[in-house]
Amino acid sequence: MAPMPPDHPVVPATDARSWLLVSAAHSRHLGDTCTGVADAVIYDLEDGVVPSARPAAREALYLWLTRGGTGWVRINPAGSEDWNHDLDALDGAPGLLGVMLAKCESAEQVTDTFIRLPAGTPVLALVESALGIERAYDIASTEPTFRLAFGSGDFRRDTGAADLAPALSYARGRLVVASRAAGLPGPIDGPTLTTAEDALTDALAVSRTMGLSGKLCMHPEQAPVINRALSPTPTDIDWARDVIDQLGADGTRVRDGSDIPRLARSRAIHRLASVFARS
(Lines give C-alpha, C1' and ligand atoms only; values in the text may rest on other atoms or scores of the structure.)
Protein backbone atom coordinates (compact mmCIF):
# COMPACT_ATOMS: atom_id res chain seq x y z
CA MET A 1 0.00 0.00 0.00
CA ALA A 2 1.30 3.45 -0.87
CA PRO A 3 1.86 5.85 2.04
CA MET A 4 -0.67 8.61 2.48
CA PRO A 5 0.62 11.81 0.82
CA PRO A 6 0.84 15.03 2.82
CA ASP A 7 -1.71 17.72 2.19
CA HIS A 8 -1.13 19.85 -0.87
CA PRO A 9 0.74 22.99 0.10
CA VAL A 10 -1.36 26.12 0.49
CA VAL A 11 1.46 28.53 -0.34
CA PRO A 12 2.21 28.65 -4.08
CA ALA A 13 5.77 27.77 -5.06
CA THR A 14 6.38 31.31 -6.33
CA ASP A 15 5.99 32.54 -2.75
CA ALA A 16 7.22 29.47 -0.86
CA ARG A 17 9.50 30.36 2.04
CA SER A 18 10.68 27.02 3.45
CA TRP A 19 11.96 24.34 1.05
CA LEU A 20 12.60 21.11 2.93
CA LEU A 21 15.12 18.67 1.42
CA VAL A 22 14.24 15.03 2.13
CA SER A 23 16.43 12.15 0.98
CA ALA A 24 14.70 9.82 -1.45
CA ALA A 25 16.97 6.99 -0.35
CA HIS A 26 14.44 5.45 2.02
CA SER A 27 10.83 5.03 1.00
CA ARG A 28 9.74 5.43 4.62
CA HIS A 29 10.68 9.13 4.38
CA LEU A 30 8.28 9.74 1.52
CA GLY A 31 5.10 11.26 2.82
CA ASP A 32 6.41 11.62 6.35
CA THR A 33 3.75 13.76 8.02
CA CYS A 34 6.43 16.04 9.48
CA THR A 35 7.11 17.42 5.99
CA GLY A 36 3.72 19.17 6.06
CA VAL A 37 5.21 22.03 8.08
CA ALA A 38 7.23 23.29 5.08
CA ASP A 39 5.83 25.32 2.21
CA ALA A 40 7.52 22.97 -0.28
CA VAL A 41 9.19 19.56 -0.09
CA ILE A 42 12.08 18.54 -2.35
CA TYR A 43 12.84 14.83 -2.57
CA ASP A 44 16.57 14.57 -3.09
CA LEU A 45 18.19 12.27 -5.64
CA GLU A 46 21.54 14.09 -5.59
CA ASP A 47 23.78 14.68 -2.57
CA GLY A 48 21.22 13.19 -0.19
CA VAL A 49 21.63 9.75 -1.79
CA VAL A 50 24.86 7.80 -2.20
CA PRO A 51 25.36 6.78 -5.86
CA SER A 52 24.87 3.07 -5.19
CA ALA A 53 21.45 3.73 -3.62
CA ARG A 54 20.11 5.96 -6.40
CA PRO A 55 18.45 3.25 -8.53
CA ALA A 56 16.34 2.08 -5.58
CA ALA A 57 15.61 5.68 -4.57
CA ARG A 58 14.39 6.51 -8.07
CA GLU A 59 12.09 3.49 -8.07
CA ALA A 60 10.63 4.35 -4.66
CA LEU A 61 10.16 7.98 -5.65
CA TYR A 62 8.46 7.08 -8.92
CA LEU A 63 6.01 4.85 -7.07
CA TRP A 64 5.35 7.64 -4.57
CA LEU A 65 4.66 10.18 -7.33
CA THR A 66 2.34 7.84 -9.21
CA ARG A 67 0.29 6.72 -6.20
CA GLY A 68 -0.96 10.05 -4.95
CA GLY A 69 2.23 11.63 -3.63
CA THR A 70 3.39 15.05 -4.79
CA GLY A 71 6.59 17.02 -4.47
CA TRP A 72 9.61 18.62 -6.07
CA VAL A 73 12.68 16.54 -6.89
CA ARG A 74 16.35 17.55 -6.78
CA ILE A 75 18.07 15.89 -9.72
CA ASN A 76 21.75 15.47 -10.50
CA PRO A 77 23.82 17.92 -12.58
CA ALA A 78 22.88 18.31 -16.24
CA GLY A 79 24.70 16.02 -18.64
CA SER A 80 25.70 13.47 -16.02
CA GLU A 81 24.72 9.82 -16.21
CA ASP A 82 22.69 10.21 -13.03
CA TRP A 83 20.87 13.21 -14.56
CA ASN A 84 19.77 11.03 -17.47
CA HIS A 85 18.61 8.28 -15.13
CA ASP A 86 16.78 10.79 -12.91
CA LEU A 87 14.86 12.25 -15.85
CA ASP A 88 14.00 8.81 -17.20
CA ALA A 89 12.69 7.81 -13.77
CA LEU A 90 10.46 10.88 -13.51
CA ASP A 91 8.88 10.47 -16.94
CA GLY A 92 5.14 10.15 -16.58
CA ALA A 93 5.06 10.73 -12.81
CA PRO A 94 1.84 12.73 -12.25
CA GLY A 95 2.79 13.97 -8.79
CA LEU A 96 5.94 15.78 -9.94
CA LEU A 97 5.55 19.49 -9.13
CA GLY A 98 8.93 20.57 -10.49
CA VAL A 99 12.63 19.81 -10.38
CA MET A 100 15.59 21.46 -8.72
CA LEU A 101 18.58 21.21 -11.05
CA ALA A 102 21.73 20.72 -8.98
CA LYS A 103 24.97 22.58 -9.76
CA CYS A 104 23.42 24.64 -12.54
CA GLU A 105 25.98 26.68 -14.48
CA SER A 106 24.25 27.73 -17.70
CA ALA A 107 20.95 28.53 -19.35
CA GLU A 108 21.50 25.62 -21.72
CA GLN A 109 21.51 23.18 -18.80
CA VAL A 110 18.09 24.47 -17.73
CA THR A 111 16.74 24.17 -21.27
CA ASP A 112 18.20 20.69 -21.76
CA THR A 113 16.51 19.60 -18.56
CA PHE A 114 13.19 21.24 -19.38
CA ILE A 115 12.80 19.51 -22.74
CA ARG A 116 13.21 16.13 -21.05
CA LEU A 117 10.43 16.78 -18.54
CA PRO A 118 6.64 16.61 -18.90
CA ALA A 119 5.40 19.74 -20.66
CA GLY A 120 5.38 22.82 -18.47
CA THR A 121 7.32 21.33 -15.54
CA PRO A 122 9.13 24.20 -13.77
CA VAL A 123 12.89 24.10 -13.23
CA LEU A 124 14.39 25.59 -10.07
CA ALA A 125 18.06 26.32 -10.83
CA LEU A 126 20.39 25.60 -7.89
CA VAL A 127 23.48 27.78 -8.44
CA GLU A 128 26.48 26.39 -6.55
CA SER A 129 29.69 27.63 -8.19
CA ALA A 130 31.58 30.75 -9.19
CA LEU A 131 30.72 30.10 -12.84
CA GLY A 132 27.05 29.74 -11.99
CA ILE A 133 27.05 33.02 -10.08
CA GLU A 134 28.73 34.82 -12.99
CA ARG A 135 26.04 33.47 -15.33
CA ALA A 136 23.16 34.09 -12.94
CA TYR A 137 21.25 36.47 -15.20
CA ASP A 138 21.53 34.16 -18.22
CA ILE A 139 20.22 31.30 -16.10
CA ALA A 140 17.43 33.40 -14.61
CA SER A 141 16.29 34.84 -17.92
CA THR A 142 15.94 31.57 -19.82
CA GLU A 143 12.24 30.82 -20.15
CA PRO A 144 12.04 27.47 -18.29
CA THR A 145 13.73 28.84 -15.14
CA PHE A 146 11.13 29.14 -12.42
CA ARG A 147 13.31 30.46 -9.58
CA LEU A 148 16.96 30.56 -8.47
CA ALA A 149 18.41 28.95 -5.36
CA PHE A 150 21.81 29.34 -3.72
CA GLY A 151 23.87 26.22 -3.07
CA SER A 152 25.98 27.95 -0.47
CA GLY A 153 27.91 24.90 0.73
CA ASP A 154 29.22 23.87 -2.68
CA PHE A 155 29.84 27.52 -3.54
CA ARG A 156 32.11 27.83 -0.51
CA ARG A 157 33.94 24.66 -1.49
CA ASP A 158 34.39 25.98 -5.01
CA THR A 159 35.65 29.42 -4.00
CA GLY A 160 37.18 28.93 -0.56
CA ALA A 161 34.79 31.53 0.89
CA ALA A 162 34.07 31.40 4.61
CA ASP A 163 30.64 30.64 6.01
CA LEU A 164 30.17 34.30 6.94
CA ALA A 165 27.59 36.74 5.65
CA PRO A 166 30.13 39.27 4.26
CA ALA A 167 32.00 36.54 2.39
CA LEU A 168 28.82 35.37 0.65
CA SER A 169 27.14 38.75 0.13
CA TYR A 170 28.36 39.16 -3.45
CA ALA A 171 26.96 35.79 -4.52
CA ARG A 172 23.64 36.37 -2.77
CA GLY A 173 23.40 39.84 -4.26
CA ARG A 174 24.03 38.54 -7.78
CA LEU A 175 21.19 36.05 -7.41
CA VAL A 176 18.82 38.71 -6.07
CA VAL A 177 19.61 41.18 -8.85
CA ALA A 178 19.48 38.50 -11.57
CA SER A 179 16.12 37.27 -10.32
CA ARG A 180 14.62 40.73 -10.25
CA ALA A 181 16.04 41.69 -13.65
CA ALA A 182 14.60 38.50 -15.17
CA GLY A 183 11.19 38.97 -13.55
CA LEU A 184 11.49 35.99 -11.23
CA PRO A 185 10.41 35.70 -7.59
CA GLY A 186 13.10 36.31 -5.00
CA PRO A 187 15.76 33.56 -4.81
CA ILE A 188 15.98 30.80 -2.23
CA ASP A 189 18.91 30.97 0.19
CA GLY A 190 21.11 28.02 1.09
CA PRO A 191 20.49 25.94 4.20
CA THR A 192 21.68 26.57 7.74
CA LEU A 193 22.83 23.19 9.00
CA THR A 194 22.57 23.80 12.73
CA THR A 195 19.21 23.28 14.40
CA ALA A 196 19.93 26.02 16.95
CA GLU A 197 17.15 28.56 16.56
CA ASP A 198 19.37 31.57 17.37
CA ALA A 199 21.80 30.71 14.57
CA LEU A 200 18.97 30.11 12.12
CA THR A 201 17.31 33.39 13.09
CA ASP A 202 20.58 35.28 12.49
CA ALA A 203 20.98 33.60 9.09
CA LEU A 204 17.41 34.46 8.15
CA ALA A 205 18.00 38.11 8.99
CA VAL A 206 20.75 38.06 6.36
CA SER A 207 18.48 36.35 3.82
CA ARG A 208 15.66 38.80 4.33
CA THR A 209 17.70 42.00 4.35
CA MET A 210 19.48 40.96 1.13
CA GLY A 211 16.22 40.28 -0.68
CA LEU A 212 16.08 36.49 -0.69
CA SER A 213 12.55 35.29 -0.11
CA GLY A 214 12.98 31.58 0.58
CA LYS A 215 15.41 29.24 2.30
CA LEU A 216 16.40 25.61 1.94
CA CYS A 217 16.26 23.54 5.10
CA MET A 218 17.45 20.10 6.13
CA HIS A 219 15.34 19.63 9.27
CA PRO A 220 11.52 19.89 9.53
CA GLU A 221 11.75 21.88 12.77
CA GLN A 222 13.48 24.69 10.87
CA ALA A 223 10.50 25.29 8.59
CA PRO A 224 8.24 27.19 11.04
CA VAL A 225 11.15 29.47 11.98
CA ILE A 226 11.84 30.18 8.31
CA ASN A 227 8.18 30.82 7.57
CA ARG A 228 7.88 33.33 10.38
CA ALA A 229 11.08 35.16 9.49
CA LEU A 230 10.28 35.45 5.79
CA SER A 231 6.70 36.62 6.27
CA PRO A 232 5.60 40.25 6.68
CA THR A 233 5.68 41.27 10.33
CA PRO A 234 2.60 42.76 12.04
CA THR A 235 4.36 46.13 11.85
CA ASP A 236 4.87 45.67 8.10
CA ILE A 237 1.21 44.76 7.63
CA ASP A 238 -0.03 47.75 9.65
CA TRP A 239 2.24 50.08 7.67
CA ALA A 240 1.02 48.65 4.37
CA ARG A 241 -2.61 49.00 5.39
CA ASP A 242 -2.07 52.64 6.37
CA VAL A 243 -0.35 53.44 3.07
CA ILE A 244 -3.11 51.78 1.04
CA ASP A 245 -5.77 53.63 3.03
CA GLN A 246 -3.93 56.90 2.48
CA LEU A 247 -3.15 56.52 -1.23
CA GLY A 248 -5.92 54.20 -2.38
CA ALA A 249 -5.42 50.62 -3.51
CA ASP A 250 -5.60 51.80 -7.13
CA GLY A 251 -3.37 54.85 -6.49
CA THR A 252 -6.12 57.42 -7.00
CA ARG A 253 -4.75 59.56 -4.15
CA VAL A 254 -1.07 59.43 -5.13
CA ARG A 255 0.34 62.93 -4.71
CA ASP A 256 3.76 62.70 -6.32
CA GLY A 257 6.38 60.26 -7.54
CA SER A 258 7.64 59.48 -4.06
CA ASP A 259 4.31 57.84 -3.23
CA ILE A 260 4.55 55.30 -6.04
CA PRO A 261 7.28 53.04 -4.55
CA ARG A 262 5.59 53.20 -1.15
CA LEU A 263 2.32 52.04 -2.66
CA ALA A 264 4.03 49.28 -4.64
CA ARG A 265 5.75 47.96 -1.50
CA SER A 266 2.53 48.16 0.52
CA ARG A 267 0.66 46.19 -2.14
CA ALA A 268 3.37 43.52 -2.15
CA ILE A 269 3.22 43.21 1.65
CA HIS A 270 -0.57 43.06 1.59
CA ARG A 271 -0.53 40.31 -1.06
CA LEU A 272 2.01 38.19 0.84
CA ALA A 273 0.14 38.65 4.11
CA SER A 274 -2.99 37.35 2.40
CA VAL A 275 -1.17 34.36 0.91
CA PHE A 276 0.55 33.37 4.14
CA ALA A 277 -2.57 33.85 6.25
CA ARG A 278 -4.02 30.79 4.48
CA SER A 279 -1.03 28.58 5.34
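The model is predicted. Helix H7 spans residues 165–181 and bends by about 30° at Ala171. Helix H6 covers residues 152–159, and its buried residues pack against H7, among other elements.

**Helix H7**
- H7 has 17 residues and reaches 23 Å from its first C-alpha to its last. That is close to the 24 Å expected at 1.5 Å a residue.
- The bend of about 30° falls at Ala171. Ala171 is also one of the buried residues of H7.
- Gly183 follows H7 and has a positive phi, near 75°.

**Helix H6**
- Ser152, Asp154 and Phe155 are the buried residues of H6. They lie on the same side of H6, because they cover an arc of only 160° around the axis.
- The packing partners of these buried residues are helix H4 (130–134), strand E6 (145–150) and H7.

**Lys103**
- Most residues other than glycine have a negative phi. Lys103 is not a glycine, yet its phi is positive, about 50°.
- Lys103 sits in the loop between strand E4 (96–101) and helix H3 (107–114).
- Its relative accessibility is 28%, so Lys103 counts as partly exposed. The partly exposed class lies between the buried cut-off, under 20%, and the exposed one, over 50%.

Notes:
Residues numbered from 1 in each chain as written. Predicted model: local features only at pLDDT ≥ 70, side-chain atom pairs only at ≥ 80, totals over all residues. Heavy atoms only, no water. Helix = DSSP H or I, 4+ residues; strand = E, 2+ residues; numbered from the N terminus. Expected span 1.5 Å × (residues − 1). Bend = angle between axes of the 7 residues up to and from the residue. Buried < 20%, exposed > 50% of the residue type's maximum accessible area, 1.4 Å probe, protein only. Arc of directions from axis to C-beta. Contact = heavy atoms within 4.5 Å.
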